[in-house]
Amino acid sequence: MTGVAFVQSMLGALGAVMALGAVALALVETGQGSGAGTFRAWQVRRWRDLAETPWGAIPRHACRELIGGIDRAVVRGLATAAEGPLVTVLVIGLAFVAIPVAALANALQGGSPFLVLYWLTLFAALAVLNFTGEVRRLGPLNAALALYLGVSLVLVLPVYVLESLTDRMIHTVFGHAVLGSVLVFPLWYCAAFGAVLLGDALIPGARSFAPSGRRPPAVAAAYRFAAAVPVAFVLAFFALLAGHLAEQVPPPLRAWQPLVATVVCSALALPATVAIVGGVLRRGGAALTAGLVASLAVAAGLSWLSLYAGWLATPRARSAADVTAALLGRTAEGTVHLGPDVWVMHLPFLPVLAFLAWITVAWMAKAVAAASRGLGAAPAAAGRPYLLSGALLGAVAAVVWTIAAVL
């Protein structure tokens, strides 16, 4: 199977899933109990809003909506995550159960006892703080112990274990590494969460990102970058797998340098794209088009940099011409080749492609809403929102199949 054939098969499968979803939504509309429910009411509101939005405002509306969704996800996932039980359970489970047990098992098997000893110091600090916490004269000691515990639990321990497990994944069997990336994701998330907490404590005004809309641009960009890092880590391994399957090449080589370059460049693409697109939303359609083009250019630059820096000063170092050819999906000789390096280096394109795809879907939804009104349905088909959603999903499936056929 060639790389192009692999992409065609993946698009065909995606279109099939969407088509099945379209049929399911249409059947739900005709089923009993479809006349009420929170999800149905949400769909009715969305279709009505879309019907009232002018055609020319659709791209700006779609981009504004996507940016809002990204920021809500960042706020709930990082900025205010400490207020919910999920992160608390995750951090406590990792710090007091998973890590100590794994560290003890590793030490008993002849591994380094460092982590066991470090965890014992945390237990001792916690025990001392339990007895001295109410003694005012020991305030400086209590503050130092609390700081030591906090930084260790939310930053040092996750990062240390993350580094150890990631290093093992780099040198293990490729199939195990791909599956392991999903299991290591919580540690990358905890490391990002710890970095955000540390930033909240040290950077003036950082906390304003979470509770209000007054977001310092640098702080907002840092939060988006931190949120994108764990996702970029997992996507890097699955991109390697896609390239491995697409061209039927041997399992790709892995090392810290290309992994770090890929994760950093891919994570930087999210705040960069949001900043560029968000900065031109109020300037009209031409400015938004220019912003999207600029985002594509930035994504291309980050993609080029990720592959070039990933193997720089190593035996596998790539020349600038080779990297440029890979960016175009070709070898240095000019033949099409969609191997692992090509898939991994194009991860920075995902944010801007998400904006372009969302704009396209919004235009298609507007067309579906207009067609339903032209056929005599109620405004925004408030009586049949599932049917409209099914029609939209079917139209998207048709577009995906068309792209697959054209390739």
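**Entry 1: α5 against α6.** I began with helix α5, residues 114-132, and helix α6, residues 139-171, which pack at an angle of about 150 degrees with their axes 10 Å apart. I kept in mind that this is a predicted model. Angles over 145 degrees count as roughly antiparallel, and α5 and α6 are therefore roughly antiparallel to each other. I also noted the hand of the crossing of α5 and α6, which is left-handed.

**Entry 2: who touches whom.** Next I listed the residues in this contact. From α5 I wrote down Phe114, Leu115, Tyr118, Thr121, Leu122, Ala125, Leu126, Val128, Leu129 and Thr132. They meet Asn142, Leu145, Ala146, Tyr148, Leu149, Ser152, Leu153, Val156, Leu157, Tyr160 and Val161 in α6. I sorted the residues of the contact of α5 with α6 by type and got 17 nonpolar, 4 polar and no charged.

**Entry 3: a cavity.** How many cavities of 30 Å³ or more does the structure hold? I found 1. The largest cavity holds about 30 Å³ of space. Its lining is made up of Phe96, Leu122, Phe123, Leu126, Leu149 and Leu153. The elements giving two or more residues to that lining are α5 and α6, and the largest share, 3 residues, comes from α5. By type, the lining divides into 6 nonpolar, no polar and no charged residues.

**Entry 4: α8 against α9.** I then turned to a second pair. Helix α8, residues 217-247, and helix α9, residues 256-279, pack at an angle of about 135 degrees, with their axes 7 Å apart. That makes α8 oblique to α9. The crossing of α8 and α9 is right-handed.

**Entry 5: the second contact list.** On the α8 side I noted Ala221, Arg224, Phe225, Ala228, Val229, Ala232, Phe233, Ala236 and Phe237. On the α9 side the contact is made by Leu259, Thr262, Val263, Val264, Ser266, Ala267, Leu268, Leu270, Pro271 and Val274. What is the division by type in the contact of α8 with α9? I got 16 nonpolar, 2 polar and 1 charged.

Conventions:
Residues are numbered from 1 along each chain as its sequence is written. This is a predicted model: local features need pLDDT of at least 70, side-chain atom pairs count only at pLDDT 80 or more; totals for chains, interfaces and linings use all residues. Side-chain values use heavy atoms; hydrogens and water are left out. Axes are lines fitted to C-alpha atoms, for helices over the stretch in contact, and angles run from 0 to 180 degrees between N-to-C directions. Helices (H or I, at least four residues) and strands (E, at least two) are DSSP runs, numbered from the N terminus. Angles under 35 degrees count as roughly parallel, over 145 as roughly antiparallel, 65 to 115 as roughly perpendicular and the rest as oblique. A crossing is left-handed if the near helix is turned anticlockwise from the far one by less than a right angle, and right-handed if clockwise. Contact means heavy atoms within 4.5 Å. Ala, Val, Leu, Ile, Met, Phe, Trp, Tyr, Cys and Pro count as nonpolar, Asp, Glu, Lys and Arg as charged, and the others, Gly among them, as polar. On a 1 Å grid over the protein atoms alone, a cavity is a set of points where a 1.4 Å probe fits but cannot get out, and a pocket is an open set with protein on both sides within 12 Å along at least five of seven lines; lining residues have an atom within 4 Å of a point. Grid points are joined across faces, edges and corners, and a volume is the space filled by probe spheres set on the points.
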